[in-house]
Amino acid sequence: MKNNCILVTGGAGFIGSEFSRLLVTRGYNVVVADKLTYAGDLARLDSILSRYPKKFIFYKVDICHYKKMESIFKKCNPHIVVHFAAIGVPVARYKLIALLISSACTAL
């Protein structure tokens with residue numbers, strides 16, 4: 001999934017799922033990364049998954065897991081990252097920020 005790809009972290013939450021639905025209906029390719037903890041619910045994404053299977057990908061992943069997120073970035077090469085997920089570990093937060101900056105610089 002390339003080109004107009006947008007990565008949405010926390011995309012199975014209340015706000016993230018509505019935002020993802022809006023993006024897909026406006027023609028964007030959307031990749032959601034969500035750990036599915038207390039706020040995430042995959043059922044919120046069912047309608048998107050069934051109606052737009054070629055424009056929407058879901059990964060159940062902890063965004064603090066650097067290697068898994070790096071793999072997702074390499075697969076979808078997002079032009080935009082929208083961050084709705086909660087991060088509780090400061091070190092992981094800095095690694096994620098470094099990954100986002102690295103990806104953005106590569107895209108330029």
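**Surface, then core**

Modeller: Phe14, Ile15 and Phe84 make a nonpolar surface patch of about 340 Å². A patch takes residues with over 30% relative accessible area and no salt bridge, joining nonpolar side chains (Val, Leu, Ile, Met, Phe, Trp, Tyr) within 5 Å and like charges within 9 Å. A salt bridge is a Lys or Arg side-chain nitrogen within 4 Å of an Asp or Glu carboxyl oxygen. Areas are Shrake-Rupley with a 1.4 Å probe, and for residues only the protein chains shown count as cover.

Biologist: What should I know about the model before I go on?

Modeller: It's a predicted model, where local features need pLDDT of at least 70 and side-chain atom pairs count only at pLDDT 80 or more, while totals for chains, interfaces and linings use all residues. Numbering starts from 1 along each chain as its sequence is written, and side-chain values use heavy atoms, with hydrogens and water left out.

Biologist: Ok, is Ile15 buried or exposed?

Modeller: Exposed, because its relative accessible area is 56%; the cut-offs are over 50% for exposed, under 20% for buried and partly exposed in between (1.4 Å probe, protein chains only). Ile15 is in helix 1. Helices (H or I, at least four residues) and strands (E, at least two) are DSSP runs, numbered from the N terminus.

Biologist: And Ser17, why does that count as buried?

Modeller: Because its relative accessibility is 1%. Ser17 also lies in helix 1, residues 14-25, and its side chain reaches the backbone oxygen of Gly13 at 2.8 Å. Beyond residues up to four places away in sequence, Ser17 touches Gly11, Ala12, Arg44, Leu45 and Ile48, a contact being heavy atoms within 4.5 Å.

Biologist: Switching topic: which residues are in the largest nonpolar core?

Modeller: There are 12 in all, among them Ile6, Ala12, Leu45, Ile48 and Val82. A core here is a set of buried Ala, Val, Leu, Ile, Met, Phe, Trp, Tyr and Cys residues joined through side-chain atoms within 4.5 Å.

Biologist: What does the second core include?

Modeller: That one is separate, with 11 residues, including Cys5, Val31, Ala33 and Ile63.

Biologist: Last one, in what order do the elements run?

Modeller: β-α-β-α-β-α-β-α from the N terminus, so to speak 4 helices and 4 strands. Of the 108 residues, 36% are buried.

Terms used
Polar contact = N/O pair within 3.5 Å; in protein donor to acceptor, adjacent residues only side chain to side chain.
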